[in-house]
Amino acid sequence: MKRLLGVALGVLTAIGGFLDIGDLVTNAVVGSRFGLSLAWVVVVGVVGICLFAQMSGRVAAVSERATFEIIRERLGPRTAGANLVASFLINLLTLTAEVGGIALALQLASSVEPRLWIPVAALAVWLVIWRTKFSVLENVTGLLGLTLVVFAVALFLLGPDWSELADQALSPTVPGDEGPASYWYFAIALFGAAMTPYEVFFFSSGAREERWTVKDVAQSRVNVFVGFPFGGILSIAIAACAAVVFLPRSVEVSSLSQIVLPVALAGGKLALAVVIVGIVAATFGAALETGLSSGYTLAQFFGWSWGKYRRPAQAARFHLAMIIALLIAVLVLMTSVDPIRVTELSVVFSAVALPLTYLPILLVANDPEYMGRHVNGRATNALALVYLVIILAASLAAIPLLIATGGGS
Amino acid sequence: MLLSDLLDAPVRAPSGDPLGYVVDVRLVLDGPLDGGLLVQPRVHGLIISPRTGSSFLGYERSDVRSPAVLARWLRWRHRGTFLVHWEHVATADADAVVLADGYRRWSPAFPEGAHRHV
């Protein structure tokens, strides 16, 4: 019974933890402009993150090393250093977007200017990182994030033309007023939102925090293979809500209030309150994960002691790195930069940086010296190579498309 | 000299013919305990790849063949990679590594059964 509860908890937190500000914004923007014609990318992204998270969780459990320790060991200090700079900066960008997202969600609830919320949000994130046990932090935000199911409920209440939605999703075409360049730009953004690198840093470092061993591999597989696809369904529900409400009116989503508008239309004040709780939980959870990831990547590269299972005094540089990352995020947000724009950039750059973490994990997952008999099987490797091609293509195409489309506008 | 100075350095035979580039430096831990806690690492030799100074990503150490496309590509890119023992290195600096007369090309793979810790 206890074991069953453990599995249920793991799956639920994986669903709730899947969505972050990147998924919320990108799916809503895409829904409002392209309907469900990019829903296939969410499917591709979810399969990819399942594959990648499952591999990195297994590597962390069997080899007892987290992602950046492996990157450093396998690529050597120089290449790994370049990798660290890129990964750290993109993680910082994502952290900035998440903290901004918390502030925007709190603004929706309170009508208080986001710049007043930003320092409060960052302080709360830091306090939780500093004080709270790892398992509590993961489970509470994951479970509260489940309230985003309200997007799926809202979609039913809106009573859409299901055949029209199915038609958009199953025979995707570029809508008339959009060019193919922006279609592919948003395809890459959606892919980057589903497969953000920090999820993997957090997942593999979390496996070390919780002292996973070979025995836990099966449980982690269930969490990932059940939880993430449900998270993907919620992503598509967000896009569908935006498609139903905004696409026919040619309104382009550019703010958080627009993202939640379909829910408010369908379910009224109560649904709006629920969705705000969900967004605060999802962005807060992701801010914790990206905040911790900034410490994990640096500490694992430089060989500092790290981990929430140590008291802060025993992992001083790890905690200092996270404080500095949070301060930088606050400073960036205080310049009045639009957190939604930051989010849109962060998901695209996530796609750019993805091969840097994907390749080392793939190599080590095949190395019997680390993995013993738990190396990748043939089927996993076949799929992993297909994804290597997809990830490389998305990474190489992202920046040219960013420039060509002027950031998708 | 720093270890990273050696990486990518071009390698020449005693005759002056170019042999390739240093892609890795192999260390072994087989000495006596230094101060009772740690073993001093010892430079065993250099891994030399004939065509490129880029990394072999560890595939030189074993006969791992997966994922097939990557393994095959890396093996092809680094075909002819060999190990020379450090005692057969005549001079070594960042500009060039020159091997001594009578150097031998050893297989870069680990001996069977060594270094297994899983």
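What follows is a conversation about this predicted model.

Colleague: What percentage of the residues of chain B count as buried?
Modeller: The C-alpha atoms of chain B fill a box of roughly 45 × 35 × 25 Å along the principal axes. A residue counts as buried if 20 or more other C-beta atoms lie within 10 Å of its own. Among the 118 residues of chain B, the share that counts as buried is 25%.

Colleague: Which residue is the bridge partner of Arg12(B) in E2(B)?
Modeller: E1(B) is joined by three bridges to strand E2 (residues 18-28) of chain B, and the two run antiparallel. They make a hairpin with five residues between them, and Gly16(B) in the turn has a positive phi of about 100 degrees. Across this pair, Arg12(B) has as its partner in E2(B) the residue Pro18(B).

Colleague: And in E5(B), which residue is the bridge partner of Val22(B)?
Modeller: E2(B) also pairs with E5(B), over seven bridges in the antiparallel sense. Within E5(B), the partner of Val22(B) is Ile48(B).

Colleague: Is Asp8(B) buried, exposed or partly exposed?
Modeller: You will find Asp8(B) in the loop between helix H1 (3-6) and strand E1 (10-12) of chain B. Its phi is positive, near 75 degrees, in a residue other than glycine. Asp8(B) has 15 other C-beta atoms within 10 Å, and therefore it is partly exposed.

Colleague: Now for chain A. Is Arg211(A) buried or exposed?
Modeller: Arg211(A) lies in the loop between helix H10 (197-209) and helix H11 (217-245) of chain A. Although Arg211(A) is not a glycine, it has a positive phi of about 55 degrees. With 10 other C-beta atoms within 10 Å, Arg211(A) is exposed.

Colleague: And Val30(A), is that residue buried or exposed?
Modeller: Val30(A) belongs to helix H2 (residues 21-34) of chain A. Leaving out residues up to four places away in sequence, Val30(A) touches Leu38(A), Phe186(A), Leu190(A) and Ala239(A). Because 29 other C-beta atoms lie within 10 Å, Val30(A) is buried.

Colleague: Are H5(A) and H13(A) roughly parallel or roughly antiparallel to each other?
Modeller: The axes of helix H5 (residues 114-131) and helix H13 (residues 316-334) of chain A come within 10 Å and cross at roughly 170 degrees. Angles over 145 degrees count as roughly antiparallel. The two helices, H5(A) and H13(A), are therefore roughly antiparallel.

Colleague: How many nonpolar residues are in the contact of H5(A) with H13(A)?
Modeller: On the H5(A) side, the residues that meet H13(A) include Ile118(A), Val125(A) and Trp126(A). On the H13(A) side, they include Met322(A), Leu326(A) and Val330(A). Besides one polar and one charged residue, the number of nonpolar ones is 14.

Colleague: Finally, which helix gives the largest share of the side of chain A that touches chain B?
Modeller: The contact takes 19 residues from chain A and twelve residues from chain B. On the chain A side, the elements that give two or more residues are helix H4 (67-110), helix H14 (339-365), helix H15 (368-371) and helix H16 (378-404). The residues of this side divide into nine nonpolar, six polar and four charged. The largest share, six residues, comes from H4(A).

Conventions: Residues are numbered from 1 along each chain as its sequence is written. Chains are lettered from A and ligands numbered from 1 in the order in which they are written. This is a predicted model: local features need pLDDT of at least 70, side-chain atom pairs count only at pLDDT 80 or more; totals for chains, interfaces and linings use all residues. A residue is buried if 20 or more other C-beta atoms lie within 10 Å of its own, exposed if 12 or fewer, and partly exposed in between; C-beta atoms are placed from the backbone. Two residues are in contact if their C-beta atoms, placed from the backbone, lie within 7 Å. Helices (H or I, at least four residues) and strands (E, at least two) are DSSP runs, numbered from the N terminus. Ala, Val, Leu, Ile, Met, Phe, Trp, Tyr, Cys and Pro count as nonpolar, Asp, Glu, Lys and Arg as charged, and the others, Gly among them, as polar. Two strands pair if DSSP finds at least two bridges between them. Axes are lines fitted to C-alpha atoms, for helices over the stretch in contact, and angles run from 0 to 180 degrees between N-to-C directions. Angles under 35 degrees count as roughly parallel, over 145 as roughly antiparallel, 65 to 115 as roughly perpendicular and the rest as oblique.
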